[in-house]
Every structure is written in structure tokens, then in C-alpha cells.
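Visitor: Please show me this model and let me ask about it as we look.

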Amino acid sequence: MQDVNYDQIFDSAIDRLHEEGRYRVFIDILRNKGAYPNARCFHGHNGPKPITVWCSNDYLAMGQHDKVIGAMEEALHDVGAGSGGTRNIGGNTHLHVELEHELADLHGKEGALLFTSGYVSNDATLSTLGKLLPGCVIFSDELNHASMIAGIRNSGCEKRIYRHNDTRHLEELLAAEDAETPKVIAFESVYSMEGDTAPVHAICDLAEKYNALTYIDEVHAVGMYGARGGGISERDNAAHRIDIIEGTLGKAFGVMGGYITAEKRIIDCIRSYAPGFIFTTSLSPVLVAGVLASVKHLKGSSVERRAQQAAAAMLKLKLAEAGLPVMDSTTHIVPLMVGDPVHAKKISDILLAEYGVYVQPINFPTVPRGTERLRFTPGPHHTEEMMDELTQALVEIWDRLDLSLREAA
Ligand SMILES: *Cc1c(COP(=O)(O)O)cnc(C)c1O
């Protein structure tokens, strides 16, 4: 009998990625404290080189904010580095309790539950929900994030995928199920690769009509939308209509972690049944202290939100005026369609090597094949001068690679 050739299996898995032009190269950087979007890049041989970061999800630069850094320093010296345990066994620090109160209040819910990441919060919550509801069917937007897809798969439930933001299709699928079947509609508020938003009220109307629970991923909206940073559900005055609101602490809040908020009953169930919550060390209290400072700050300040929106609007306009294929985003996300993984990587490589501009190409499976793109996330500290340099660089590269520009807008 032939032995299994493990090396060959691993090598050919990687070869497939190279052939498709979507082998991932991680860019090696260090951000400069307090000076974001400036960073150092360790790519190449000549030591670190200064770059401008255009693809970070630290959307509001809160990861560099004095209050956040100060709170983390203070916590480190007060309580030490780690939590030392799971929430049930020694790791339920007072900072965790306080942050859950703060997050519940942010979304106007009775309770909140912290996880080690947004990914884990989606996976753990959806899989547990699906297991607790007998015969449950989960309705999922086709562009939902991988973490929701994992949770739905791990729930073992039947799932129905509806076309992106298509409430007519969603209704067809809902109407086809028995009235007694438990139903969950899972969707995002801001779709992070398209930059569009869900019709939240229309989805809630359907949930009411067909007696379904609603689950919203507000990862790309918390901190950034609504008067206090409660997300699109706050902005649209819909939070009270949504059963479970999920968010991350690693993007606009600038640190790390994930959470859900909901009524006490649901929080109690997930807390008690979700393995991804139960069997893992709780977040470091140092991280939790940083998040607390960040959430509190953004509840009271709209300066960062307004500056981010202004920066995004300005960049979209500049790219469009230059004839670059900027996608039709209604949010702070600025995607530039390339449509091919090899070109997307090439443009990104040239930007970094020749212009000191860092933007990661976005490939399958993050986006569908044939829709490969560059995704820019301008924030409060990206200046007009940086935007002009970026636009000029892109136009030069488009020309060099013989890509077509639109008629100038
Ligand atoms: C990034 C992301 C997550 C995961 O959040 P992390 O805190 O980074 O694990 C979940 N949902 C969406 C839509 C995301 O983009």
C-alpha cells in the first residue's frame, strides 16, 4: 500500500492559491503610537520604511487615542496582564461586568455578553441559538460574514439564503415555512466590502409578520453611526425592534473583543449554553479597560464620526472625478473595483513599493470571484493631501497597467 504523501497534499493546496493569484502575503508593519495613519513597514530589505495605512478597521483611530491608551496603562498597573480564567472560574473581573453594562446601555438592551472576538460572538451565538430553538430555520443574507456562516453551519439548522438586501426574496422564503417553525433572520447593518446598508425596518417588519427573531451584525457600524455610536440600528431608531445586536470591540472601538446585546433571557441562555463563551479565558482586563474608555468616549463625542464621514465623502469624490471605478457605497467604506485577483495584487504591490501607500487587495473568499477590489477606509486623520497623493498614484498605476478609466465625472 502507498503511504499518504502529506507534503504533497499541503504543497498542492498552496499551489492552487498561487495559480489563482490569491496567495496571501501579510504586510509586516508597526503603527506609530498617536500618529495613525502613519506606520513603519518591514517589507523588503532596507529596514523599516514609512507608509500611510489606508485599509485599517481602526476606523476612528481610537486604538491610538490618549484616553484608551491611558486607561490600559492604568489597568495594567492596577490589576496586571491577564484575567487568569474563564468567566465562570476566576476570570469575571469587575471591568468585564462594567463593560457589559456599558454595552447594554449603548444599544438600549437589558444585557450584554463579551466574547474574545466578533468572530467568536457570531459563531457562538448563532450556533447556540439554532440548537436551543427546536427545528429552527435560519434566514441568511447571501453576503453575510464568514463568522455568521460558521455559526449557522455549526447550529446544524436548516438555512435559507436570501439575495443580498432583497426583502421580497426574504419574504418568499419566510412564507414557505410553517407558522410554528422557529425562525431567525441573520444580517449585517453595514456590509463591509460593498459599503451599503441593510433595510433594517423592512426586515423587522417581515420578522414581525412571520414571527421571526432578528440577529444583526453591527460590526462595521458600532462607534460610527447613531448619536452615541450605537450603530445603524440606533441611527434608524430600530434597536428596540431587533432581538440580538452583535458588535466588535476591535474595529471602531480600536481594541479587541466581541459582544452581543439582547434581553436578559437570551443573554442568560447564551452565557449558559455557548461553548465558545464558556470554555475560554476571558479577555484581558487591560483590553477591557481600553474598550470601556473607548465606548464611553464615543458615546459622548461625535467629532470622530463626523470627521470620518467627511473624509470618506471627500475620497469618494476625488476617485470618481479621476475616473477611477469607485463603487457605489453609502457609508464610510470606499471600495474600488478591480475585478481580477492578479491586477488587484499588482496595484497593491506597486502602491506599497513605490508610493508608500498600504492597501490590501481583497480576494475570494472574502468577496466573490471576479469582484476583487481595493478597499479604502479613510478616517479622521487622513488628510486631503494624502488623498490627492493616493488619487494621483492610482491614476498613474491604472495607466501603466492599461486599465480603463471612466469618463471623468
Ligand atoms: C470583522 C468582522 C467580524 C469579526 O469581528 P472580529 O472582532 O474581527 O473577530 C464579524 N462580522 C463582520 C461583518 C466583520 O467584518
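**A guided tour in questions**

Visitor: Let's start at one residue. Is Asp-402 buried or exposed?
Guide: First, the cut-offs: buried means under 20% relative accessible area, exposed over 50%, and partly exposed in between (1.4 Å probe, protein chains only). Asp-402 has 72% relative accessibility, so this residue counts as exposed.

Visitor: Before we go on, what kind of model is this?
Guide: Residues are numbered from 1 along each chain as its sequence is written, and side-chain values use heavy atoms, with hydrogens and water left out. Local features need pLDDT of at least 70, side-chain atom pairs count only at pLDDT 80 or more, and totals for chains, interfaces and linings use all residues; the model is predicted.

Visitor: How many helices and strands does the protein chain have?
Guide: Both are DSSP runs, numbered from the N terminus: helices (H or I) have at least four residues, and strands (E) at least two. By that rule, the count for the protein chain is 14 helices and 14 strands.

Visitor: What radius of gyration does the protein chain have?
Guide: This value is taken over C-alpha atoms, and the globule rule is 2.2 Å times the number of residues to the power 0.38. For 409 residues, the rule puts a compact globule near 22 Å, and the protein chain agrees, so the value you want is 22 Å.

Visitor: What percentage of contacts between residues at least 6 apart in sequence join residues at least 24 apart?
Guide: Contact means heavy atoms within 4.5 Å. Among the contacts in the protein chain between residues at least 6 apart, the share joining residues at least 24 apart is 71%.

Visitor: Which residue does a cis peptide bond join to Tyr-36?
Guide: Most peptide bonds are trans. Here the bond is cis, with omega about 10°.

Visitor: What is omega for the cis peptide bond between Phe-364 and Pro-365?
Guide: Pro-365 lies in the loop between strand S13 (361-362) and strand S14 (373-376). For the cis bond that joins Phe-364 to Pro-365, omega is about 5°.

Visitor: How far is the backbone oxygen of Gly-91 from a polar atom of the side chain of Ser-282?
Guide: Ser-282 is found in the loop between helix H10 (275-278) and helix H11 (285-300), and at 10% relative accessibility it counts as buried. Leaving aside neighbours within four places in sequence, its contacts include Ser-83, Arg-87 and His-96. Its side-chain polar atom and the backbone oxygen of Gly-91 are separated by 2.7 Å.

Visitor: How far apart in space are Thr-280 and Thr-86, C-alpha to C-alpha?
Guide: Thr-280 lies in the loop between H10 and H11, and at 29% relative accessibility it counts as partly exposed. In sequence, Thr-280 and Thr-86 are 194 residues apart, but their C-alpha distance in space is 5.5 Å.

Visitor: Last one: within what arc do the buried residues of helix H9 fall?
Guide: In H9 (residues 264-273), Ile-266, Ile-267 and Ile-270 are buried, while the face turned away carries the exposed residues Lys-264, Arg-265 and Tyr-273. The arc is that of the directions from the helix axis to the C-beta atoms. Seen down the axis of H9, the buried residues line one face of the helix, because they fall within an arc of 100°.

Note on methods. Polar contact = N/O pair within 3.5 Å; in protein donor to acceptor, adjacent residues only side chain to side chain.
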